Amino acid sequence: MMLFDAHLDLAYNAVRGRDLLRPADAQTPDADGIPSVGLPDLQAAEVRWLCGTIFVEPASDRCKGGYRTPDEAHLAAVGQLDWYQDRFAAADLRLIRSAADLAAEPVPGVILLMEGADPIRHEEDLQRWHAAGLRAVGLAWRKTRLAGGTGQSGGLSEEGRRLLRHLDARGIIHDASHLAEQAFWELLEQSAGPVMASHSNCRALVPTDRQLSDDMIRAIARRGGVIGINLFGRFLTPPDAPRRATLDDVVVHLRHVCEVLGNARHVGIGSDMDGGFGADHLPVGVRTHRDLSRLAERLVRSGFTDAEVRDIFCENWLRFFRSCLP
């Protein structure tokens with residue numbers, strides 16, 4: 001079954017030293033653990049489309065070498081864009097700019113998504129990023145100068161509100177996955193643009209601010225958006241769970257979104273595989289994208305129809321992006 005994965009930090013991992021041209025099991029483990037993503041794995045698993053992030057990390061106790069200014073964020077982000085452009089030139093990946101580019105091809109198609117918008121310093125930057133193919137932006141990761149984010153409450157700043165207007169003017173999609181609660185509702189109130197959550201799970205099941213409340217899930221669906229379920233184990237089970245996550249936990253999150261909305265048309269996969277954690281933090285039995293066929297089997301066994309499984313694996317994201325991309 002073809003798969004649309006709405007969140008993969010490909011360039012982030014490549015720039016810091018992982019060789020994504022090799023299968024994951026041929027790559028060397030590093031400080032973040034055992035790799036789970038390689039371009040050969042994506043092709044073998046029929047990942048025909050993905051959102052490839054531009055993600056640069058701010059300086060913190062965890063990341064001493066992170067950016068401290070918008071100029072540093074911009075410079076690091078351009079380095080990641082260069083990696084994508086090299087892969088597009090080599091035909092290892094292909095850039096999706098418009099709805100016409102969403103046709104399924106063996107080479108995975110990439111929608112560029114900026115996770116944390118500090119690299120966009122001003123409107124001229126946004127023009128250049130858009131010209132390079134950027135089609136989705138999340139204003140925050142943790143807190144940025146633009147919006148409150150995960151673990152750091154707050155709304156949109158004045159600069160964030162200005163950037164919001166410029167993003168809307170260019171039809172850029174908003175990714176709400178890391179927005180703080182206040183920033184989330186302010187974005188929906190102040191923007192008429194398309195909204196998604198590329199890699200978020202259900203707060204009713206994992207009660208942290210990184211996940212979406214049922215009201216947030218409904219609000220995204222009312223705007224026609226889709227929610228990508230994240231495969232990071234800590235986002236699948238409650239904080240005090242004494243066990244590793246399983247594919248059954250993924251099914252529970254998928255089912256919860258469907259039950260909140262009354263249908264299976266607004267949920268998909270945003271795996272975040274290799275998003276700063278190793279394969280040992282994925283659900284039991286998942287090492288690479290090749291293993292996600294087991295999730296399709298679990299969904300069918302738990303009562304989802306074949307059509308609903310196709311929706312979850314690719315059709316929901318395809319409908320969303322066909323309606324939002326130029």
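A nonpolar core is here a set of buried Ala, Val, Leu, Ile, Met, Phe, Trp, Tyr and Cys residues joined through side-chain atoms within 4.5 Å. Buried means under 20% relative accessible area, exposed means over 50%, and partly exposed lies in between (1.4 Å probe, protein chains only).

The structure is a predicted model, in which local features need pLDDT of at least 70 and side-chain atom pairs count only at pLDDT 80 or more, while totals for chains, interfaces and linings use all residues. Residues are numbered from 1 along each chain as its sequence is written, and side-chain values use heavy atoms, with hydrogens and water left out.

**Overall form**

The protein has 10 helices and 11 strands. These are DSSP runs numbered from the N terminus, helices being H or I with at least four residues and strands being E with at least two. For 326 residues, a compact globule would have a radius of gyration near 20 Å, and the 18 Å of the protein agrees with this. That radius is taken over C-alpha atoms, and the globule rule is 2.2 Å times the number of residues to the power 0.38. The C-alpha trace spans about 50 × 45 × 40 Å along its principal axes.

Of the 326 residues, 58% count as buried. The accessible surface is about 12600 Å², and 50% of it belongs to carbon and sulfur atoms; areas come from the Shrake-Rupley method with a 1.4 Å probe, and for residues only the protein chains shown count as cover. Contact means heavy atoms within 4.5 Å. Among contacts between residues at least 6 apart in sequence, 68% join residues at least 24 apart.

**Cores**

The largest nonpolar core has 87 residues, and Leu 10, Tyr 84 and Leu 139 have the most contacts inside it. Helix H8 (residues 247-261) gives the largest share of this core, eight residues. A second, separate core has 19 residues, including Ala 6, Ile 96, Ile 173 and Trp 317.

Leaving aside residues up to four places away in sequence, Leu 139 touches Gly 116, Leu 146, Leu 156 and Asp 175, among others. With the same exclusion, Leu 10 is one of the residues touched by Leu 20, and Trp 83 is another. Leu 20 is found in the loop between helix H1 (10-15) and H2, and it counts as buried because its relative accessibility is 3%. Leu 20 and Leu 39 lie 19 residues apart in sequence, and their C-alpha atoms are 5.7 Å apart in space.

**Helix H7**

Helix H7 (residues 214-222) has the buried residues Met 216, Ile 217, Ala 219, Ile 220 and Ala 221. Their cover includes helix H6 (181-190), strand S9 (195-196), strand S10 (227-229) and H8. After H7 comes Gly 224, with a positive phi near 85°.

Most residues other than glycine have a negative phi.

| Residue | Phi | Loop | Relative accessible area |
|---|---|---|---|
| Glu 46 | about 60° | between helix H2 (39-44) and strand S2 (47-54) | 29% |
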